[in-house]
Amino acid sequence: MKFKTTDVSKPAGEILSEVMESSHSKLLIPPKLADRNLPAQHPESDGKYIGLFSSGTTGSPKEIWNSYENLARNARFTAEVFGVKSTHRLLMMAAPWHVAGLSWAIMAEELGCEYQFITTKKGEGDKWLKNVREFNPDFLLTVPAVLRALYDEEWYVPQVVFGGYSLEEGEFQKLNPHCDFTIQGYGQTEAGGLIAAHKRKSTAPVQPLEHLCSGHPIRGVQLKCEGTPENPAPIYIQSETAFTEQEYNSRDVGFMDSSGRVYVMGRADDIVKQK
């Protein structure tokens, strides 16, 4: 199956339009990998597929192909969990070539939301703040690095969604004054987007280890993990929107509480190195 590589140096709007409107399969190569001459794989089936790269937090980033249909389905499940409606205004500050940013944009398109997507670049805190204040969104969807640049500024968004990795202990106290609710999402490229989400009211007391809580699995996802807070274990994922129908090892470790919420404590290789 042939595909075309999307130029990710373009503005976010052009990248997203090209991916969502084209009938061709697309490969999105992150800028940091553009000069590596990676051996490109090919989607194995007919239809429209999107090739994305995993974060590479352990070893080399992996090229993962998933159907656009799966990505769109995951985006619809994500909207259900986040509570996003067609009338909401969404501000996304992330990377459109990563699964979180792409999934959020597909979600907005699927619902017909008014949205703005800002490709984040290190050191552009003033730009991020300006967009938050001027766009006046109902949801801010971003990553912890952006939030950290904004903690000490004056701004307010009713609901703040973040993903990519967890907040540090004590960070909820810095974020709480800026919103009514926070939603911590846990997702992976392999899963086609979101896996689980934890929504909390900003005025609620912060519970022990809550900064690591990724909440309950979303629709179509089953999780297995036999870890404890003292001895985190591998998290196994089976998702209707994943690149494979089989259960796979996420390479994350953590534990699940009695209500079925998953706590992600880190990457397996990182935990081994710390011992």
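**Close-up views of a predicted model**

**View 1. Glu134 and Lys130 meet in a salt bridge, with N and O 3.1 Å apart.** The model shown here and in the other views is predicted. Both residues lie in helix H4 (residues 125-135). They are 4 residues apart, so about one helical turn separates them. Glu134 is exposed, because its relative accessible area is 58%, over the 50% cut-off. Lys130 counts as partly exposed, at 47% relative accessibility.

**View 2. Glu210 pairs with Arg200 in a salt bridge.** The closest N and O atoms are 3.1 Å apart. Arg200 sits in strand S10 (193-201). Glu210 sits in the loop between strand S10 and strand S11 (216-217). The two residues are 10 residues apart, and the pair links distant parts of the chain. Both Glu210 and Arg200 are buried.

**View 3. Salt bridges link Lys10, Glu18 and Lys26 in a network.** Lys10 is partly exposed, with 30% relative accessibility.

**View 4. Asp126, Asp152, Glu153 and Glu154 form a negative surface patch.** One of these residues, Glu153, lies in the loop between helix H5 (144-150) and strand S8 (159-162). Glu153 counts as partly exposed, at 35% relative accessibility.

**View 5. Thr78 is buried in helix H2 (residues 68-82).** Its relative accessibility is 2%, and buried means under 20%, so Thr78 falls in that class. Leaving aside neighbours within four places in sequence, Thr78 is in contact with Ser103, Met107 and Leu194.

Note on methods:
Residues are numbered from 1 along each chain as its sequence is written. This is a predicted model: local features need pLDDT of at least 70, side-chain atom pairs count only at pLDDT 80 or more; totals for chains, interfaces and linings use all residues. Side-chain values use heavy atoms; hydrogens and water are left out. Patches are made of residues with over 30% relative accessible area and no salt bridge: like charges are joined within 9 Å, nonpolar side chains (Val, Leu, Ile, Met, Phe, Trp, Tyr) within 5 Å. Accessible areas come from the Shrake-Rupley method with a 1.4 Å probe; for residues, only the protein chains shown count as cover. A salt bridge is a side-chain nitrogen of Lys or Arg within 4 Å of a carboxyl oxygen of Asp or Glu. Lys and Arg count as positive and Asp and Glu as negative; His and the chain ends are not counted. The place of a charge is taken as NZ of Lys, CZ of Arg, CG of Asp or CD of Glu. Buried means under 20% relative accessible area, exposed over 50%, partly exposed in between (1.4 Å probe, protein chains only). Contact means heavy atoms within 4.5 Å.
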